[in-house]
Amino acid sequence: MANILLINPKDDEVKNVSDPLIDLRHREKQLEEEIFNEEMKKYFQERGIKTHFRDYPYISNLGLLSIAAYCRENGHNVKYIQDGTVDRKVLENYINNSDIIGISVKTVNRERSKLLVEFSKYINSNAMLVAGGPEVTLCGMEGPFDVFIKGAGEKVISDIATYGKDILPQCKGV
């Protein structure tokens with residue numbers, strides 16, 4: 001049984017936008033968020049519901065949640081973190097106690113993803129660092145990642161957790 005940590009990085013802070021793709025993706029997410037929040041507010045008001053289900057400042061990552069559920073079903077301990085919702089000491093503790101750390105990589109969070117992986121490697125050099133996500137191959141990711149997963153990561157991460165890194169050559173999408 002392995003200890004798996006899955007991190008959904010918050011979006012990069014863009015001070016001087018020189019990458020039009022990042023600028024467009026940030027604007028897209030901002031508009032989606034505004035529309036979504038208005039619809040949810042209306043939905044809750046119409047039904048007299050006082051508690052909003054979204055306590056986090058970032059949307060949960062469905063891919064990482066799916067990986068978490070699959071790995072838990074296969075007997076592994078899984079922690080899921082929305083980046084920015086836990087303090088540094090808590091994050092360090094989770095990283096320090098993990099065998100595998102999976103980080104979602106998207107165009108809009110590629111710099112934050114790099115910082116998280118470097119921080120993770122510094123805190124726990126023995127953990128296997130896995131990068132995945134819908135745009136992982138588009139982001140030009142480099143650094144201390146041990147594995148890049150293109151496509152679904154549920155089975156791959158669970159297999160690595162169960163059988164170790166020797167299973168990698170047999171894993172699809174690695």
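Visitor: Which residue stands opposite isoleucine 7?

Guide: In this predicted model, isoleucine 7 faces isoleucine 81 of β2.

Visitor: What makes β1 and β2 a pair?

Guide: Two strands count as paired when at least two bridges are found between them. Strand β1, residues 3-8, and β2 have six bridges, in the parallel sense, so they meet the definition of a pair.

Visitor: Why are β2 and β5 said to stand at the edges?

Guide: The open sheet has five strands in the order β2-β1-β3-β4-β5, with parallel pairing. β2 (77-82) and β5 (147-149) each have a single partner strand, so one side of each lacks a neighbour in the sheet. From one strand to the next, the twist averages 20°.

Visitor: How do you know that the span of helix α2 is close to the expected one?

Guide: Helix α2, residues 62-73, has 12 residues and reaches 16 Å from its first C-alpha to its last. At 1.5 Å a residue, the expected value is 16 Å, so the span of α2 is close to expectation.

Visitor: What puts the buried residues of α2 on the same side or on opposite sides?

Guide: The buried residues are Leu64, Ile67, Ala68 and Cys71. They cover an arc of only 100° around the axis, which means they are on the same side of α2. The buried residues of α2 pack against β1, β2, β3 and α5. Leu62 and Glu73, on the other side of α2, are exposed.

Visitor: Why is the contact between arginine 112 and aspartate 83 called a salt bridge?

Guide: The cut-off is 4 Å from a side-chain nitrogen of Lys or Arg to a carboxyl oxygen of Asp or Glu. For arginine 112 and aspartate 83 the N to O distance is 2.6 Å, so the pair qualifies.

Key
Residues are numbered from 1 along each chain as its sequence is written. This is a predicted model: local features need pLDDT of at least 70, side-chain atom pairs count only at pLDDT 80 or more; totals for chains, interfaces and linings use all residues. Side-chain values use heavy atoms; hydrogens and water are left out. Helices (H or I, at least four residues) and strands (E, at least two) are DSSP runs, numbered from the N terminus. Axes are lines fitted to C-alpha atoms, for helices over the stretch in contact, and angles run from 0 to 180 degrees between N-to-C directions. The expected span of a helix is 1.5 Å times one less than its number of residues. Buried means under 20% relative accessible area, exposed over 50%, partly exposed in between (1.4 Å probe, protein chains only). The arc is that of the directions from the helix axis to the C-beta atoms. Contact means heavy atoms within 4.5 Å.
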